[in-house]
Amino acid sequence: MDDYFLLEKYHDLLEDGAIPSDLYDKYDVKRGLRNNNGTGVLVGLTKVAEVSGYYVCDGVKLPKEGNLYYRGIDIRDVAKMAGDDFGYENTCFLLLFGHYPNQTESKIFKAVIRDQYELPEGFMENIILKNPSKSLMNHMTRSILSLYSFDEDPDNIEGFELIKKGVSLISKMPAIMAYSLQTKTHYLDHDSLHIHFPKKEYSFAENILYLSRNDGKFTELEAKTLDMCLMVHADHGGGNNSAFVGTVVSSTLTDIYSMVAASMCSLKGPRHGGANMAVLDMMTEVEKEIGLNPTDEELNTIIQRLLNKDFFDHSGLIYGVGHAIYTMSDPRAELLRDVAYKLTLEKHSEKFELYQRFERLAVKALEKKTGKAACVNVDFYSGLIYEMLNIPRDLFIPLFSVARVVGWVSHDIENLLYSNKIVRPATKYVGDKK
């Protein structure tokens, strides 16, 4: 009876509370904080990161090669700076402190991170293991909020305090993620429980693989590949949804744990953090339909079926192709394509060639349909990489979040230092007045 009543009232709401779409144009309201030409509404200033994929001339959005800058350095160059070493920790330093670390700074900063790998005493047993969840993102978010209780001065949001708390949070994310996975695997999936304690001699990427794998084993190439994934996911400007959510929440002067938890909740949504799973599922169905070595004609046919809502999820979307900002290229996809190829040689996977051929033809098909430049985005190859790394699907979005905490913290500190206004936009009332 209660459900019927609520359903009836809900249908009343749909009829009485409907907002005609033309009112958004009438009052020049920016849906999703987007201008009519697809560009984002400017809501802040930043020196942390810049996403560049088009330029505007006379109000028209025009394509260009894509760039992602961390503190003014192109992500391609950030990747090169790592050389033969692991680069994620240096990337964190760059985003937090504004310059790429020299050898001494890098050595000290890595030691600072590794010294804080472990969780507070009793945290794993009392906070993580006792509270399994179907969603690792929800479980991790709850754990982050619980860290508030283990901080002697949790509400202190002075700049240096945020740096210290932020670095501590970043350091603990691999353990939080791995133990959340083990909790779900054991209590909900009824498998064996494997707990490893972090190793200070391991890099951030190595530590993730060690903690999350039952046998704790990995190859150097596997760790270096994951390290690249972490680097390209570390930030994507202050306008992406989760970073902006963090800015909105922290502008109220709440604590850093609440800010990161809010950003985690944003990233969990499939429109933000789950696209690589959609790509993997789509390509799995493509493989089932036409095999690993189809002809170009067979590939073009399946692509047209996707666009015509006649295949996979019937959405008309080709997952992993196209982006809100990048037009001609996504630099993150380029970097991941390269490491995916190297990993393919070690794993003897036959899928990479299919992905490359699909990319080439799908981009052409989408450009023909829309009349606009298109490219594959970061999600197109990240799912394939995670699959080759034997990373369970449960970790796809959590891995994204682990990499992105440094970006959220960097934007949080910057906004509190220099903007320091509560985010308070306006909406226009268009209902009846009685």
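Reader: Which residues form one aromatic cluster?

Author: In this predicted model, Tyr341, Phe352, Tyr355, Phe358, Phe380 and Tyr381 form one aromatic cluster, where rings of Phe, Tyr and Trp (its six-membered ring) pair if their centres lie within 6.5 Å. Local features need pLDDT of at least 70, side-chain atom pairs count only at pLDDT 80 or more, and totals for chains, interfaces and linings use all residues of the predicted model. Residues are numbered from 1 along each chain as its sequence is written, and side-chain values use heavy atoms, with hydrogens and water left out.

Reader: Why is the aromatic pair of phenylalanine 93 and phenylalanine 97 called tilted?

Author: Planes under 30 degrees apart count as stacked, over 60 as edge-to-face and the rest as tilted; the angle here is 50°, with 4.9 Å centre to centre, so the pair is tilted.

Reader: Why is the aromatic pair of phenylalanine 312 and tyrosine 319 called edge-to-face?

Author: The planes of phenylalanine 312 and tyrosine 319 are 85° apart, with 6.1 Å centre to centre, so the pair is edge-to-face. Tyrosine 319 counts as buried because its relative accessibility is 19%, while phenylalanine 312, at 24%, is partly exposed.

Conventions
Buried < 20%, exposed > 50% of the residue type's maximum accessible area, 1.4 Å probe, protein only.
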